[in-house]
Amino acid sequence: MLLNMDFHECNCKNITITEGIFGEVWVDNQDQIFNDPIPKTIKSYTMINTNRMEVVVITWGATIISLKCPDKYGHSADVVLGFDDVKGYSNPITNPFIGCILGRCANRIKNGHITIRGRDYELTKNDFNGKHHLHGGTNGFGRKVWDSYITGCSVIMSYLSQDGEEGYPGAVLTTIKFKLTPENKLDICMRATTSKPTIVNLSHGSMFNLAGHDSGESELRKHKVLFNCDRWTFADYTDPVPTGAIRGVGGTVMDFRIPRILGEYMEKVPPGEGFDHNLCVTKGGQSGSSFVAKVWHVKSGRALEIYSDQCGVQFYTGGRLPPYTIPEFLSSYDLLEDIEEAEEIGEVYKNDHEDEEEEIKVEKHYKKVTTVPKKIEFILGKHGAHYKKYCAFSIQPQNYPNAIYYSHFPCSILYPGQVYYHDLTYKFEVHLANYM
């Protein structure tokens, strides 16, 4: 069903938007009178332009579930990871922030602890074996149902995060606008306001493989990557949180200032888990959005350029796919296995047989059951795809990670009366010839 299309207002005659129903999810009722969970409808919005580029977003986590674009031969393919239904997206084990909004604070916060104006706050610890806070917590923005509507050729989504959610202070109202243009650009405009001083750092977690979402590691390694970044926030390989040091990329595996073939660099990153690091965008003094990165797949000709107004960008190559299982979640999803350890205890009984007393030792085996996480071999994605380690990459412009701890990092605190903004653009192109 075509809704709310005003071509005269925004001059987007080449864009159509279709609203649909993706599914239903049960959420906790905020009403104090009725505490039982209530069903909420997950809406979908399909945006298509005249170049046969198609983007589908849903209101669960403001998630991009599909992004189709043609290659140099005219064949269209879906280039983002995703799931077929709501069950796949709502499972916290098999969906580690794939394709959703990352917030209220993207990336990691050391020890899940922040201090704002002399007051301490403990946040949810959901990363690095329960040590750090990641992407807004266990039930951050990417695991909420957003309100939505269509205006002109854009889809608007909003969510009100209550004071104390995941440990954060202040109620935060966030609005996201998705807009597909005739030039094959997907603009994602993020805005937020708050009732109390709090941290806000928003990004988007789409995971790409320009050869196709189901192409796997072999095709990912063939991608060429270019970053407009001359420094990076140093993090020791034993702990992913930045130490506060900022180092130049020259002479290191972090140097993508000229195009590099991704597969030749991934193993060189200690301890051999690929990239999951924050680079510092070279701004050159200009304000507003600037070029961040370019990635292209030579065989298909598909290329992706990323623009943003943020100072940092997290580069991730899927080294934690499938994710590490979290023990406290496992029993709910039948992903436990039992390891039995037998203990032998001998008991002596008297047995009268043929007038001869005989001692018989009876061994009883008592089983001690130890519950351990079952190894997940792959994540079952859409259309039966198996998502494994290094099957996709994610480029997430944002503020520097853990900025609350370092005064020389850009401030991550949003105050009442201020407006947080982040303008992010994915621009898709087709290279008809092999170059660079």
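What follows is a short exchange about this structure.

Tutor: This is a predicted model: local features need pLDDT of at least 70, side-chain atom pairs count only at pLDDT 80 or more, and totals for chains, interfaces and linings use all residues. Residues are numbered from 1 along each chain as its sequence is written, and side-chain values use heavy atoms, with hydrogens and water left out.

Student: Which residues does UniProt list for "binding site"?

Tutor: The unreviewed UniProt entry lists N107, R108 and D276 under that name. They span 170 residues in sequence, yet no two of their C-alpha atoms are more than 11.3 Å apart, so they gather at one spot. UniProt positions are given in the numbering used here, feature names are shortened, and annotations may be inferred rather than shown by experiment.

Student: Is R108 buried or exposed?

Tutor: R108 is buried, at 3% relative accessibility. Buried means under 20% relative accessible area, exposed over 50%, and partly exposed in between, with a 1.4 Å probe and protein chains only. R108 lies in strand β7, residues 108-109. Strands (E, at least two residues) and helices (H or I, at least four) are DSSP runs, numbered from the N terminus.

Student: What does R108 touch?

Tutor: Leaving out residues up to four places away in sequence, the contacts of R108 include D127, H133, D276, Q314 and R320. Contact means heavy atoms within 4.5 Å.

Student: Switching to sheets. What is the strand order in the open sheet of five strands?

Tutor: The order is β1-β2-β3-β4-β5, with antiparallel pairing. β1 (15-27) and β5 (76-78) stand at the edges with a single partner strand each, so one side of each is left without a neighbour in the sheet. Two strands pair if DSSP finds at least two bridges between them.

Student: How many bridges join β1 to β2?

Tutor: There are 12 bridges between β1 and β2 (residues 38-49), and the two run antiparallel. E24 stands opposite T41 in β2.

Student: OK, the core. Which residues touch the most other members of the largest one?

Tutor: F178, F227, Y426 and F428 do, in a core of 66 residues. A nonpolar core is a set of buried Ala, Val, Leu, Ile, Met, Phe, Trp, Tyr and Cys residues joined through side-chain atoms within 4.5 Å. Beyond four places in sequence, F178 touches M47, V57, C153 and H204, among others. Another core, of 22 residues, lies apart from the largest one, and V27, W60, Y89 and V145 are among its members.

Student: How many disulfides?

Tutor: The count is zero, where a disulfide is a pair of cysteine sulfur atoms within 2.5 Å. As for individual cysteines, C391 is buried at 3% relative accessible area, whereas C411 is exposed at 58%.
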